[in-house]
Amino acid sequence: MAVFLVSPNEAKRLRPRLSAGLIFVLGMIAVYLAQLALNMVLTQDAYQLAALKAQKRDLTTQVQIIQEEVDSLASPQNLADAANRLGMVANPASVLLDLEEDKVYGQPKPADPSNAPLASANLVANSALGTVSDFSETNVASLDASSVEAEQIATEEVVLSVIPASPTR
């Protein structure tokens, strides 16, 4: 180990300056502040992610409830009952169409409402059938008026069916 002797003037010149210490301390403070800001942003994003996950869970539940109601309204029992309420009758003289051979099997006849058998309405209880279409006169009349207005207002809107949608839970 070697020891060097320096003069007092050289010792003052080689001594670390106050500005170097201040720059080091200010640099450390800036690094800590940047780390604090980054942690705050990440924490805020974590809360936002948790809120979005809860919203997704709620929307998934709503979609499942609405899908169950749509499935209930589209069940054969409900469709037959809705057709009866609208005054439709089943045609006992059904025919079959063969599109490949362009043939019609059977004799087509118009349905006679006076002696046509009505489709039975829900003879077997269905626990999954939780929703029934509402075909009161006011509901059907409002549906007819709203579909005419919708056709006049927007020609792009397509009316998919005349069965009114049921209210959701």
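I take a residue as buried under 20% relative accessible area, exposed over 50% and partly exposed in between, using a 1.4 Å probe and protein chains only.

**Entry 1: basis.** I am working from a predicted model, in which local features need pLDDT of at least 70, side-chain atom pairs count only at pLDDT 80 or more, and totals for chains, interfaces and linings use all residues. Residues are numbered from 1 along each chain as its sequence is written, and side-chain values use heavy atoms, with hydrogens and water left out.

**Entry 2: confidence.** I looked up pLDDT, the predictor's confidence in each residue on a scale from 0 to 100. The mean for the protein is 75, and 67% of its residues reach 70 or more. Confidence is highest in α2, at a mean of 93, and lowest in α4, at 50. Over residues 148–162 the value stays under 50, and the model has 3 contacts there beyond four places in sequence. A contact here means heavy atoms within 4.5 Å.

**Entry 3: overall layout.** I assigned elements as DSSP runs numbered from the N terminus, with helices (H or I) of at least four residues and strands (E) of at least two. The protein has 4 helices and 2 strands, in the sequence order α-α-α-β-β-α. Of its 169 residues, 10% count as buried. I also checked contacts between residues at least 6 apart in sequence: 68% of them join residues at least 24 apart. For accessible area I used the Shrake-Rupley method with a 1.4 Å probe, where for residues only the protein chains shown count as cover. The protein exposes about 14400 Å², of which carbon and sulfur atoms supply 63%.

**Entry 4: helix α2.** The 56 residues of α2 should span 82 Å, and the end C-alpha atoms are 82 Å apart, so the two agree. Which residues of α2 are buried? Glu-69, Ser-72 and Leu-73 are, and their cover includes α3 (76–85).

Ile-29 also lies in α2, which covers residues 18–73. Ile-29 counts as partly exposed because its relative accessibility is 43%. I found Ile-29 in a nonpolar surface patch with Phe-24, Val-25, Leu-26, Met-28, Tyr-32, Leu-33, Leu-36 and Met-40, which together have about 960 Å² of accessible area. Patch residues have over 30% relative accessible area and no salt bridge; nonpolar side chains (Val, Leu, Ile, Met, Phe, Trp, Tyr) are joined within 5 Å, and like charges within 9 Å.

Entry 5: I searched for salt bridges, defined as a side-chain nitrogen of Lys or Arg within 4 Å of a carboxyl oxygen of Asp or Glu. The structure holds 1. Glu-101 pairs with Lys-103, with the closest N and O atoms 3.8 Å apart. Glu-101 is partly exposed at 48% relative accessible area, and Lys-103 is partly exposed at 41%.

Asp-102 sits in the loop between β1 (96–98) and β2 (103–105). Its phi is near 55 degrees, a positive value in a residue other than glycine. With a relative accessible area of 72%, Asp-102 is exposed.

**Entry 6: Ser-114.** Is Ser-114 buried or exposed? Ser-114 is exposed, because its relative accessible area is 64%. I placed Ser-114 in the loop between β2 and α4 (137–153). Ser-114 and Val-89 are 25 residues apart in sequence, and their C-alpha atoms are 9.4 Å apart in space.

Technical notes
The expected span of a helix is 1.5 Å times one less than its number of residues.
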